[in-house]
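Work through the exercises below with the sequence and the 3D view side by side. Try each task before reading its solution.

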Amino acid sequence: MCVLNLLLAMDLDDGRLAKRRKTKLELEFEDDHRQTATGMETLPGEIVVDVLSRLPITSLVQFKFVCKGWRALAQDPVLAADMCRTRTGNTCLILHCDFPIKNHLYFVDLSPNNQEKDKVKRLYVPFQTSMPEFDVVGSCNGLLCLSDSLYNDALYVYNPFTMDYIELPKSRRYPDQEVVFGFGFHPKTEEYKVVMIVYYRNTSSSSSSSYSRARRVVYRHSDVQVFTLGSSAWRSLGKIPYQLVRRSSEALVSGRLHWVSRPRRYHPARCIMSFDIRTEEFEEVPKPDCGGLNRCNFHVSVLRGCLAAAVYGNYGKLEIWVMKDYNVKESWTKEFSIGAYMPKCLKQNLDQDNRPLKIWKNNSSGKLVRVLSVSENGEILLEYKNRVLVSYDPKKGKFTDLVFQGIPHWFQTVVHAASFSWINTLP
C-alpha cells in the first residue's frame, strides 16, 4: 500500500501529468467534489494499470472503497480489460469446498507482492441463500460461472472480488439428464458465452426394469444449448455426436473451450474436443504422439496460454505435453516429466485407512494429480487428490508441499485472474 500512499501526496499541478487519458467516469468525478481528488484519477491509463497490476488482490478490493474517484476508476471497463492482460503472471487460486455439507469459496493470492501468501481467505457468495449447493463451471477474465449442483437449474456469473453478479435465464430441462458445462470469452467478438451440453434419456421408451439392471445409465440423446451474456434467452444448436467426460471445460485457449471425450466400447481412445465460441462449432483437436491416450490417463489444462495435456504413465509418473501452435499436431512438445510423488498428508491418510493407491485413482475425477499452472519462476503447481497443493521445481526435481493457514480439508482448485471485470452488455 506504500505505492498508494505516495500517490495520495502527489502534486496535481505537476506539468508531467498534462498529457493524460480522461474517461467518462473521470469526468463525472470532476463534477463531484474536487476536494476528494488524490492524484490517481489524473494519471495516464497505462500508469494506473501498471500500479494496480503490482498490488495484491486484497489491496485491489480495498482500492474501490478509498473514495468516489477511485471507485469510478475501478468501474472503468477499459481499465478492467487492461488489467486482465497485465495480471496474467499473478496467480490467484479459487478453492471450492463442498465438504462436509455447505459450499464455500476461498482464495489464495500467490502474487509476488502479497505478504500473506500463506493465508487462505474466504469469499462471500451473495446469492448463496438461493443456491446453497453449487459447482464452479469456469473462470474467465476475473469472472466465475457457478451452477446449481443439486438440480442443474440455476446459473450465476459473478465477480468474487467486486460482488457483482447476475442470474442467467432458465434453460430447457429434460426429465432424466446429465449436463456438461463450459464458460468462456472470445477476444474477437468480445462475447462471453455459457455452453451447456445436455445428455438425456428418452424415458418413455425405456422400461424401469432395464434401467435398474443397467450397470451404467447410457444417455443416447443430446442437446447443445448456448447463452450469450447480454442476450435474453438460450439457443439450441442441436445434438453433439460425442460423449464428453462429465466435467466442466478445463481449458480455454484461443477462444475455444476444451473437453475430453469418453471412451466408447469399440473405440477406447479418447479425443480432445473443442468448441469455438465465435463460430459455435465443435472440432476434434489433434493429440500428441505419446503412446496413445486411452481410457483414463490424461486431462487437459492451460500452461502459459497454450493447450496442455497431462498424461499419466506407469508407477505414478506424469508427462506434460504442450501444443505450442494451436491446432498444429506437430507442435506438441513434451515439456516436463514428473516422477511419482505422494504428499505427506495423503500418505498418512493412506496408511491409516490401509488402502492402496489405486483406490485414490478411482474417484469421480478419475485422477490423482491435476496440473494447474506454471509460475513465473518456472515451477509447476499441482493439486493432489483435492487435498494438497504441491509446487514442483523441474530444474531441481524437487517437490514442495504448500501449507496454507485456514485451507479446507477437501477442495477443487480453479486458477483465477482477479480483476474489476464486469459485463457491460447486459440487457
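**Exercise 1. Follow strand 6 and its two partners.**

Task: find how many bridges join strand 5 to strand 6, and then which way the side chains of strand 6 point.

Solution. Strand 5 (residues 143-148) and strand 6 run antiparallel and are joined by 4 bridges. Strands here are DSSP runs (E, at least two residues), while helices are H or I runs of at least four, numbered from the N terminus. Two strands pair if DSSP finds at least two bridges between them. The model is predicted; local features need pLDDT of at least 70, side-chain atom pairs count only at pLDDT 80 or more, and totals for chains, interfaces and linings use all residues. Residues are numbered from 1 along each chain as its sequence is written, and side-chain values use heavy atoms, with hydrogens and water left out.

Step 1: Ser147 has Leu155 in strand 6 as its bridge partner.

Step 2: on the other pairing, strand 6 and strand 7 (residues 165-167) run antiparallel with 3 bridges. Tyr158 has Tyr165 in strand 7 as its bridge partner.

Step 3: strands 6 and 7 form a hairpin with 6 residues between them, and Met163 in that turn has a positive phi of about 75°.

Step 4: from strand 6 (residues 155-158), Leu155 and Val157 point one way, Tyr156 and Tyr158 the other way, and all are buried. Buried means under 20% relative accessible area, exposed over 50%, and partly exposed in between (1.4 Å probe, protein chains only).

**Exercise 2. Describe Gln225.**

Task: is Gln225 buried or exposed?

Solution. Step 1: locate Gln225 in strand 10 (residues 221-228). Step 2: Gln225 counts as buried because its relative accessibility is 3%.

Step 1: list contacts (heavy atoms within 4.5 Å). Leaving out residues up to four places away in sequence, Gln225 touches several residues, among them Arg172, Met196 and Trp234.

Step 2: a polar atom of the Gln225 side chain lies 3.3 Å from the backbone nitrogen of Arg172.

**Exercise 3. Compare the cores.**

Task: which residues touch the most other members of the largest nonpolar core?

Solution. Step 1: a nonpolar core is a set of buried Ala, Val, Leu, Ile, Met, Phe, Trp, Tyr and Cys residues joined through side-chain atoms within 4.5 Å. Step 2: the largest has 22 residues, of which Ile320, Ile338, Val371, Ile380, Leu382 and Tyr384 touch the most other members. Step 3: strand 17 gives the largest share of this core, 4 residues. Step 4: a second, separate core of 21 residues includes Val137, Leu143, Leu229 and Trp234.

Conventions: A polar contact is a pair of N or O atoms within 3.5 Å; within protein, one must be able to donate a hydrogen and the other to accept it, and residues adjacent in sequence count only if both atoms are side-chain atoms.
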